[in-house]
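User: I'm new to this one, so please walk me through a single part of it slowly. Here it is.
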Amino acid sequence: MSKISLIGAGQIGGTLAHLIGIKELVNEVVLFDVASGIAKGKALDIAQSSSVDGFNVKFSGTDDYKDIKGSDVIIITAGVPRKPGMTRMDLLKINAGVVKDVVGNIKKFADDAMIIPVTNPLDPMAQIAYKTSGFDRSRVFGMGGMLDLSRFKQFIHEATGYSRESTKALVIGEHGENMLPLTRFATVSGIPLPTLLPKEKLDEIFTATKGVAAEVIKLKGATVHAPGNAISAMIESVVQDKKQVIPVSTNLDGEYGQKDVSIGVPAVVGKNGVEKILE
Ligand code: APR
């Protein structure tokens, strides 16, 4: 795969573009934003960093949708982010309009692409993107669970003191206040977490995972680095066909007894997008 377009060149879009470069995930990154100066400026800024590390990725910024032509994957972060005190649902109305507009243009200019919605509230936006695109559901999957998982694993690491790589875990459900960090199914190198930590500590980790985004927003206005990194991990599984099992917000068609809803479930993510939903 060779080209990724980022619709929304704001804080997450910028961080993500840089990470795609550093990880050399593709040959070309297009940053699109209605604020064209931001897109062009960030593309220039990131491109200036590439010669020091020697990464070979072409960056460009635009406000013209025709430049997304030929994209293999498109990430949507366009919209309005959460302000202190706002829930993701507060953003629903504004961002639904933005996502519909963006997906309409993706259909027009890059109808072979995979779409990874990130704009909040994530699960409704993933559903809107799926419905508006008319694409096969395997090609539209939102990033939320991967971020919640990275937070969950960090808290497990902090509680156990053991290596992060040894931790395997899962967060399913809504990317929001009702997410489910599955403490019962988490393991450290195959050892069930409930045998390593007392119940009170597990409850603490569960609550901290759900609340940490709001805490970061309160402290500095937005969550940026962890979401950018989580998206890059999903892209990596796609472009390298890793077939990682990742929680993604995907349309359910009978799985988990649900239909016509996009919500976070574990899925095999590879070169064809969501290749299988695991129940
Ligand atoms: N088309 C394209 N870009 C748009 C549009 C639109 N219709 N509307 C807004 N944008 C752009 C803004 O100009 C801005 O640069 O989207 C960008 C959003 O960037 P930020 O405001 O910095 O938000 P960010 O922190 O990157 O978060 C983006 O991801 O996690 C979610 O809740 C978060 O919904 C938010 C999204």
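What percentage of the 279 residues in the protein is buried? After that, please zoom in on the salt bridge between Lys243 and Glu275 and its surroundings.

Analyst: Buried residues make up 52% of the 279 (buried is under 20% relative accessible area, exposed is over 50%, partly exposed is in between, with a 1.4 Å probe and protein chains only). Quick note: this is a predicted model, where local features need pLDDT of at least 70 and side-chain atom pairs need 80 or more, while totals for chains, interfaces and linings use all residues. Numbering starts from 1 along each chain as its sequence is written, and side-chain values use heavy atoms, leaving out hydrogens and water.

Now your pair. Lys243 and Glu275 meet through their side chains in a salt bridge, 2.7 Å from N to O (that is, a side-chain nitrogen of Lys or Arg within 4 Å of a carboxyl oxygen of Asp or Glu). Lys243 sits in the loop between helix 7 (225–239) and strand 11 (244–253), and Glu275 in strand 13 (residues 273–277), so the pair ties together parts 32 residues apart in sequence (helices are DSSP runs of H or I, at least four residues, and strands are runs of E, at least two, numbered from the N terminus). Both ends are partly exposed: Lys243 at 37% relative accessibility, Glu275 at 27%. They also belong to a salt-bridge network with Asp241 and Lys271.

Overall, the protein has 13 salt bridges.
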